[in-house]
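Open the model in your viewer and keep the selection panel at hand. The stops below go from a pocket to a single residue and then to a helix.

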Amino acid sequence: MYPEEFRRKVLDLVAAGRPAAQVAADLDIGDQTIYAWRKQELIDTGQAQGITRGEQTELAAARQRIREVETQVAILARARDLLQEPHSRNGGSLPSGAMAAEGLPVPPACRLLSSARSRMLRRAHPAALPSTLFGMPG
């Protein structure tokens, strides 16, 4: 990946009339890279149709968030299944340990399970638990 300033200077050379192949050879980069940068520049400035770099960034962030939410759903679904299974007090495995053995990420699992347990307890026994434990005003 090339720095934005370098990309800009390359495109300025091409816009000034230097052949893309010559600029590519002089700077030891592929000419197809320059053509791709030029095409993206046309898209970003509205001169061609396509996805702008800003939209690409938003899309990448949305995809990342979707992956995170899918992981959370998988953790909660597996935790639900594990919590429905009978466990002995002495020697039963914790849901987080079983999930780790199955390849689910443990820190998000613990955060989600802790948060879900707090909400569950608050709903089940609102008067028995001080609201300040949950960061809520009294």
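**Stop one: a pocket**

Select Met1, Tyr2, Pro3, Glu4, Arg7, Ala36, Trp37, Gln40, Arg53 and Gln56; these residues line the second largest pocket. Note that the model is a predicted one. The volume of the second largest pocket is about 180 Å³.

Now colour the selection by helix. At least two lining residues come from each of α1, α3 and α4 (53-84). The largest share, 3 residues, belongs to α3.

**Stop two: glutamate 41**

Stay on helix α3 and pick glutamate 41, which lies in that helix. Is glutamate 41 buried or exposed? Its relative accessible area is 15%, so with a limit of under 20% glutamate 41 counts as buried. Show its surroundings next: once neighbours within four places in sequence are set aside, glutamate 41 is in contact with Arg8 and Leu11.

**Stop three: helix α2**

Move to helix α2, residues 20-27, and select its buried residues, Ala20, Val23 and Ala24. View the helix down its axis: these residues span an arc of only 100°, and therefore sit on the same side of α2.

Finish by stepping just past the end of α2 to aspartate 28, where phi is positive, at about 55°.

Key
Residues are numbered from 1 along each chain as its sequence is written. This is a predicted model: local features need pLDDT of at least 70, side-chain atom pairs count only at pLDDT 80 or more; totals for chains, interfaces and linings use all residues. Side-chain values use heavy atoms; hydrogens and water are left out. Buried means under 20% relative accessible area, exposed over 50%, partly exposed in between (1.4 Å probe, protein chains only). Helices (H or I, at least four residues) and strands (E, at least two) are DSSP runs, numbered from the N terminus. The arc is that of the directions from the helix axis to the C-beta atoms. On a 1 Å grid over the protein atoms alone, a cavity is a set of points where a 1.4 Å probe fits but cannot get out, and a pocket is an open set with protein on both sides within 12 Å along at least five of seven lines; lining residues have an atom within 4 Å of a point. Grid points are joined across faces, edges and corners, and a volume is the space filled by probe spheres set on the points. Contact means heavy atoms within 4.5 Å.
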